[in-house]
Amino acid sequence: MTSRTLGNVAIVYRGEYDAGSTYLNGHVAAFEGDTYLCVSRTAIMGVPPVVNGAVEGTHWVLSGDNRAARAAALSADTAAANADAARAALEAIPVNTAGGYLLLDDDAKAAEIHLPDRLTGAANYTLGGRDLKAVFGTAAALHAAVAAGDYSKIRIGDYWPISLTGTYRDYAAGEDKTLTNAVLKMEVAGIDYYWKHGDVPLTSHHLLLCPRDCLPNASAMRAVSGEWYNTEVSTPWQGSHLYQTLNAADGILPLIEATDIGAYLFAGPNGNGMRTYMPIMMPGTSTATGYGYRDRGRLFLPTECEVWGLPVQQTDVNHFMLPGQWPIFAGTLRHVAKNRGDGGYITSWWMSTFINGTTATRVGSLVSPTAIADTSAVSVAPCFLIT
Amino acid sequence: MTVSICIDGVGRVTGVHPADLTGNTGWLSVPEEALTERTGLGVEALAGTLEDENGVPRYAYRDGYVEARTAEEIAADTPEPVPTPAEQWRADVENALVELADMIAGGE
């Protein structure tokens, strides 16, 4: 026989039996001059203690000094069985894990109860995540699920590994660099995160992917402090050498496009990635003159808000950017802390937010928000959307 | 045991990795002793202190060994401190006051 320690078990006197009340194991009710103990394993209603002049027996027993009844009520096995039944009932409730909602009926219309991710399993970010290649097999299968908006097998923190090999141009360094089997575990940082965002709304189902660790090579944001690579644009991120290093035809983009998941990178309405809200700041200036939607690049970096959930170094309202924290960075620093090279040691990595004309932001190697000269060599975590 | 270290164009150590990353630009494989001999630090401890609070590399790779850079070397690489918004505002106000004083003195 299994025994469990339950602590104190209370007998609750519920007064005169009421056919409209619910009775649980351990409840005592008065009925026709006697008291009866409820020994039912499940909640009962409308079952009187006495039926046709005799004790009902299945759910009720005569109380008072009836030691057998008391023993039944206090039975550890009975209570444990009740707990098991309750747990089984809870586990039997269908859960829409994609949205984290309970499905309360077959119509799936009762989605008002939002369960924390830790209960639904909708987030793996506190753990290591699952290799989605092992789940889906092929990038095409993953893409099909995403395109259909079926996220039942995808959790925040799961990842799709890619390996980059080839030469790319580091525009800030002014030299070609080589990657050899450089592994990036592209973690699911958000699911439909930018849904309907932008002046050309993003209405395709999409995964936001951000690598667990950084590329093995560091890059500067700019070749010369304050110097823009592209002066035809109006945001410092778009004008930076690092934007070019990531997105140019001889940059890192083609190396990622050559991977199995590369065919599904979101091109955006202009072929330069999603549209997002950015500060308008011209070359040679340090203060934003306004805000607007711009192409972010098919490869991009998170902003300070998207990492930390709020501006930290970027405190001037003129440098306002889209607020909101990527789910993978919420509630834990585990994925904010990144290494140089997959499985390497802790490093500092760029964010795309500028403080002024010569200073950008990064996650420091002590996993804190810091500002740094735009010519510093800092690790890079290229992010992208797949749709 | 060997580890990989990443060296920039002037010999500063910018990365450490336990696996063989040779083939990636700047990475070379060295015996673990090359890191610990002159720094007195284990690989992980050294990796956690690769750069200072300004992002300046603390170590250089010389003669086959990783060693601490001098204070002068680090200072030469340290960027100008970034003014806080309050400091910037104060500087802007002071500049405006100076300009105003010049205008008054100049009779403009």
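**Contacts between and within chains A and B**

Across the interface of chain B and chain A, the rule finds 1 salt bridge. A salt bridge is a side-chain nitrogen of Lys or Arg within 4 Å of a carboxyl oxygen of Asp or Glu. The partners are E51(B) and R362(A), with the closest N and O atoms 2.7 Å apart. The model is a predicted one, in which local features need pLDDT of at least 70, side-chain atom pairs count only at pLDDT 80 or more, and totals for chains, interfaces and linings use all residues. Residues are numbered from 1 along each chain as its sequence is written, chains are lettered from A and ligands numbered from 1 in the order in which they are written, and side-chain values use heavy atoms, with hydrogens and water left out.

The interface also holds 9 residue pairs in polar contact, both residues being at pLDDT 80 or more. A polar contact is a pair of N or O atoms within 3.5 Å; within protein, one must be able to donate a hydrogen and the other to accept it, and residues adjacent in sequence count only if both atoms are side-chain atoms. On chain B, strand 2 (13-17) and helix 2 (43-47) each supply at least two residues of the side that touches chain A. Strand 2 of chain B gives the largest share of that side, 4 residues. Helices (H or I, at least four residues) and strands (E, at least two) are DSSP runs, numbered from the N terminus. The side of chain B that touches chain A divides into 10 nonpolar, 9 polar and 4 charged residues. Here Ala, Val, Leu, Ile, Met, Phe, Trp, Tyr, Cys and Pro count as nonpolar, Asp, Glu, Lys and Arg as charged, and the others, Gly among them, as polar.

Chain B and chain A each bring 23 residues to the contact, where contact means heavy atoms within 4.5 Å. The two chains bury about 1,800 Å² between them, 51% of it on carbon and sulfur atoms. This buried area is the accessible area (1.4 Å probe) that two parts lose on being put together, summed over both.

Over all chains, the structure holds 18 salt bridges. Side chains of opposite charge can pair when their charged atoms come close. In chain A, K177(A) and D170(A) meet in a salt bridge at 2.9 Å, N to O. K177(A) is buried at 10% relative accessibility, and D170(A) is buried at 1%. Buried means under 20% relative accessible area, exposed over 50%, and partly exposed in between (1.4 Å probe, protein chains only).

In chain B, the salt bridge of D8(B) and R12(B) spans 2.6 Å, N to O. D8(B) is partly exposed, at 21% relative accessibility. A network of salt bridges links D8(B), R12(B), R69(B) and D77(B). E67(B) forms a further salt bridge with R38(B), the closest N and O atoms being 2.8 Å apart. E67(B) lies in strand 5 (residues 65-68) of chain B and R38(B) in helix 1 (residues 32-39), so the pair ties together parts that are 29 residues apart in sequence. R38(B) is partly exposed, at 39% relative accessibility.

Chain A comprises 8 helices and 23 strands. Of its 387 residues, 50% are buried. Among contacts in chain A between residues at least 6 apart in sequence, 59% join residues at least 24 apart.

The largest nonpolar core has 67 residues, and L142(A), L164(A) and W326(A) have the most contacts inside it. Strand 12 (residues 175-191) of chain A gives the most to this core, with 6 residues. A nonpolar core is a set of buried Ala, Val, Leu, Ile, Met, Phe, Trp, Tyr and Cys residues joined through side-chain atoms within 4.5 Å. Leaving aside neighbours within four places in sequence, L164(A) is in contact with residues including L179(A), L184(A), L215(A), I252(A) and I256(A). Another core, of 15 residues, lies apart from the largest one, with I5(B), L35(B), V43(B) and L46(B) among its members.

D295(A) is found in strand 16 (residues 290-295) of chain A. This residue is buried, with a relative accessible area of 9%. The side chain of D295(A) makes a polar contact with that of R275(A) at 3.1 Å.

Two residues other than glycine with positive phi were examined. N181(A) has phi near 50°. N181(A) lies in strand 12 of chain A and is exposed at 52% relative accessibility. D63(B) has a phi of about 55°. D63(B) lies in the loop between strand 4 (59-62) and strand 5 of chain B and is exposed at 70% relative accessibility.
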